[in-house]
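Please open the model in the viewer and keep the sequence at hand.

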Amino acid sequence: MAAIESLNLSGCYNLTDNGLGHAFVAEIGSLRSLNLSLCKQITDSSLGRIAQYLKGLEVLELGGCSNITNTGLLLIAWGLQRLKSLNLRSCRHLSDVGIGHLAGMTRSAAEGCLGLEQLTLQDCQKLSDLSLKHLARGLARLRQLNLSFCGGISDAGLLHLSHMSSLRSLNLRSCDNISDTGIMHLAMGSLRLSGLDVSFCDKVGDQSLAYIAQGLDGLRSLSLCSCHISDEGINRMVRQMHGLRTLNIGQCVRITDKGLELIAEHLSQLTGIDLYGCTRITKRGLERITQLPCLKVLNLGLWQMTESEKVR
C-alpha cells in the first residue's frame, strides 16, 4: 500500500480496531482520503493509529462510527494537521469538548485541525452553542458546515458563526431551536454565504426572509422547506435576491399563486424550484413559474389540479 492515495472501507460492518491495526503498521505518506463510514466497531483506538501513521490525510469520513468519543477527536487534532474535510455524522458521543480539540482550543495537548474547509456534524445531539464558539474562534478556513439535526444549538450560537468570512455553505436543517432571531444574527454579520438550508426549522418565518434579503443577498441556493413562510415573506425577499439559482419551498403550505408570480417576476436566474406539497398553488401560478427562462428542475410532488381547473 506504499503508493495508495484513497481507501474506501465504508459499510465494512465487521471491521474492527484489530483488523485496521494490521493495515496500518507503518507510515503511509501517500494516503490522502480514508472512508470508514458505518464501520460501527471502530473506536478511538483506530483513530490513534490513523493519527500516527496517516499524517498526510486530507479527507476522513467517519459518518455513523458511533463508538468514537472526544478522545478520538483529540487524537485527530494531534496528528492530522493537513485535514481539509471531516465527516462526523451521527457520532453521538461527541460533545463541545471534542469540537474544542479540533478547533485548537487545547493547544497544550493538540494543535488542532486548523486547515479544515468542510465539516459535517449532522445529528451530533450533544453539541451546544459552545461548539459553534469554538469553530468560529479556531477554524478560520471553514467553507462548508453541516449542523443539520443538531437540536442542541440555538440562535445564540449563530451569533458566533456570523463573522466567519470564509464560510460559504451552512446547513441548519431540522435545528428545532433556530428562529428568526438566529437568521437575523447571520444576516447582520459579515458572512458571504452562497448556500443556506433552514428547512424544517418551524420557528423560521416571514421575518427571516426580510433579514435574508437585507444581509444574505448573495445566496445562490436557499432551502426553506416546511418553514412557516407566506406570500408576504416572498414579497419581502425576492427583490434583493437576483442571483438566486435554487429555491426550495416544498411543504410551505401558505404559499399561493401570488408568491409564485412574485418569484417568476423577480428571480429570473432560477434554474431549480421545489414546490413539493405546496397544496394552495394552482395551474395559474405554475404557468408563470414554467416561463422562467433558465428553469431546468421543477418538483411538483403531491400537487393536484382542482376539479374546476380540470374542466377548463
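Select Phe149, which is partly exposed because its relative accessible area is 36%; here buried means under 20% relative accessible area, exposed over 50%, and partly exposed in between (1.4 Å probe, protein chains only). The model is a predicted one, in which local features need pLDDT of at least 70 and side-chain atom pairs count only at pLDDT 80 or more, whereas totals for chains, interfaces and linings use all residues. Residues are numbered from 1 along each chain as its sequence is written, and side-chain values use heavy atoms, with hydrogens and water left out.

Phe149 is placed in the loop between β6 and α6; helices (H or I, at least four residues) and strands (E, at least two) are DSSP runs, numbered from the N terminus. Leaving aside neighbours within four places in sequence, Phe149 is in contact (heavy atoms within 4.5 Å) with Gln122, Asp123, Gln125, Arg173, Ser174 and Cys175.

Now colour domain 1 (1-153) and domain 2 (172-311), whose bounds come from an automatic or database domain assignment. Their contact takes six residues from domain 1 and six residues from domain 2. The area buried between the domains is about 490 Å², that is, the accessible area (1.4 Å probe) that the two parts lose on being put together, summed over both. Highlight Phe149, Gly151 and Ile153, which supply 68% of the area that domain 1 buries against domain 2, more than any other three residues.

Which residue forms a salt bridge with Asp123? Select Arg92: the closest N and O atoms of this pair are 2.5 Å apart, a salt bridge being a side-chain nitrogen of Lys or Arg within 4 Å of a carboxyl oxygen of Asp or Glu. Asp123 lies in the loop between β5 and α5, and Arg92 in the loop between β4 (85-87) and α4. Asp123 counts as buried at 11% relative accessibility, whereas Arg92 is partly exposed at 47%.

Move on to Arg173, whose side chain meets that of Asp197 in a salt bridge (3.5 Å, N to O). Arg173 is in the loop between β7 (169-171) and α7 (180-188), and Asp197 in strand β8 (residues 195-197).

Finally, select Asp257, Glu261 and Arg284, which are linked in a network of salt bridges.
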